[in-house]
Amino acid sequence: MEEKDLDDQLRNIVSPYAQNKESLKEFKDSTHFIQDLEVNSANLVDIILDVEDEFDIEIDNDSMEGMLTVEDAKNIIRKKMHEK
Amino acid sequence: MIGNDIVDLHLAKIQSNWRRPGYLQKIFTKEEQEKILNSENKNKMVWLFWSMKEAAYKAWQRKNNRPPKFNPLSLECSLRSNSYEKTTGKVIIEEETFYTKSLIKSNLIHSLATGRANEKVIWKSLSSQEDLKNSLVREFSATAGPFLKVPEIKKNRDYIPQFYLNDQTLSYNFSLSHHGNFSGFAMSLNNS
């Protein structure tokens, strides 16, 4: 999958839960879901479920534990897609 | 060591659909899910357990100086007493026990977690109009002060807020939380 496509897909998933819309404009690898985008922690679960649906993968708890930044999410998505 | 978490029940209803397939399974153990589904007020039970987990996670993170992680399923909640407004319970995280107290009102749930059963704590919930940090600094200065300068609140590299005075960290443990129309703080009176 192209890097840009993955960025765009992830950004689309995260957008409705980001309370800081300004940070959303600077969506980059180091963007932290909670600290930068101000995603409510209960909505992190929604992001994980949306990612699972969109990419048809399953994110286990150990993977979910480290999914705090855009880069973390992309790494997990790539790994799970590869394992399919 | 302490942590606190506040949930604005009205906003939670708008922000989160916990009935979404797969949602409960991602964050609650089988026992917790059973308790939720068998309870009279499922919505309250979801947010009660959630706020207990969040509060305990914050206390655990501070106690062990851990970087942030997100694994709510690895925290196990149990309730000890569940009276009308005040609920007490326990949360186990990586074999450590944290003791919780939760204030339950029609529009909010505010949970406190402490590392010891009888830790001395000041915890308050505020409406969002009030300034959370100012309120905490006032309370802190009254308890641990007086200080020549007003202590500042800054986050450390693990995103844990701390008091600073002249760029020196003050070793007092506290926790901030806000959600929707409410905010809350908890401050330990045992100097760490």
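# A walk through two chains

In this predicted model, chain A and chain B meet: 16 residues of chain B are in contact with 15 residues of chain A. On the chain B side of that meeting, two helices, α2 (23–27) and α4 (42–64), each supply at least two residues. The helix that gives the most is α2(B), with three residues. Sorted by class, the side of chain B that touches chain A has seven nonpolar, five polar and four charged residues.

Let us turn to chain A. Its secondary structure comes to five helices and zero strands, and reading along the sequence gives the pattern α-α-α-α-α. The C-alpha atoms fill a box of roughly 35 × 25 × 20 Å along the principal axes. A compact globule with 84 residues would have a radius of gyration near 12 Å, and chain A agrees, because its own value is 12 Å. Of the 84 residues in chain A, 31% are buried. Another way to look at the fold is through its contacts: among those in chain A between residues at least 6 apart in sequence, 44% join residues at least 24 apart.

Which residues of α5(A) are buried? They are Val70(A), Ala73(A), Ile76(A) and Ile77(A). Seen down the axis of α5(A), these buried residues fall within an arc of 130°, so they line one face of the helix.

Now for chain B, whose secondary structure comes to five helices and eleven strands. The radius of gyration of chain B is 17 Å, close to the 16 Å that the globule rule gives for 192 residues, so chain B is as compact as a globular protein of that length. Along its principal axes, the C-alpha trace of chain B spans about 55 × 35 × 30 Å. Buried residues make up 38% of the 192 residues. Of the contacts in chain B with a separation of 6 or more, 59% are between residues 24 or more positions apart.

Chain B has a helix α5 as well, covering residues 132–144. Its 13 residues should span 18 Å at 1.5 Å a residue, which agrees with the 18 Å between its end C-alpha atoms. Leu132(B), Leu136(B) and Phe140(B) are buried in this helix. Those three cover an arc of only 55° around the axis, which puts them on the same side of α5(B). The face turned away from that buried side carries the exposed residues Asn134(B) and Ala142(B). What do the buried residues of α5(B) pack against? Their partners are the strands β6 (121–127), β8 (161–165), β10 (174–179) and β11 (182–188) of chain B.

Strand β11(B) is mostly covered, with seven of its seven residues buried. Phe182(B), Gly184(B), Ala186(B) and Ser188(B) lie on one side of β11(B), while Ser183(B), Phe185(B) and Met187(B) lie on the other, and both faces are covered.

Seven bridges join β6(B) to β11(B), and the two run antiparallel; here Lys124(B) has Phe185(B) as its bridge partner in β11(B). With β10(B), the pairing is antiparallel over six bridges, and Ser177(B) has Gly184(B) as its bridge partner in β11(B).

In β8(B), Phe163(B) is the bridge partner of Ile153(B).

Definitions and conventions:
Residues numbered from 1 in each chain as written. Chains lettered and ligands numbered in written order. Predicted model: local features only at pLDDT ≥ 70, side-chain atom pairs only at ≥ 80, totals over all residues. Contact = placed C-beta atoms within 7 Å. Helix = DSSP H or I, 4+ residues; strand = E, 2+ residues; numbered from the N terminus. Nonpolar A, V, L, I, M, F, W, Y, C, P; charged D, E, K, R; others polar. Buried ≥ 20, exposed ≤ 12 C-beta atoms within 10 Å, placed from the backbone. Arc of directions from axis to C-beta. Rg over C-alpha atoms; globule rule 2.2 N^0.38 Å. Expected span 1.5 Å × (residues − 1). Pairing = 2+ DSSP bridges.
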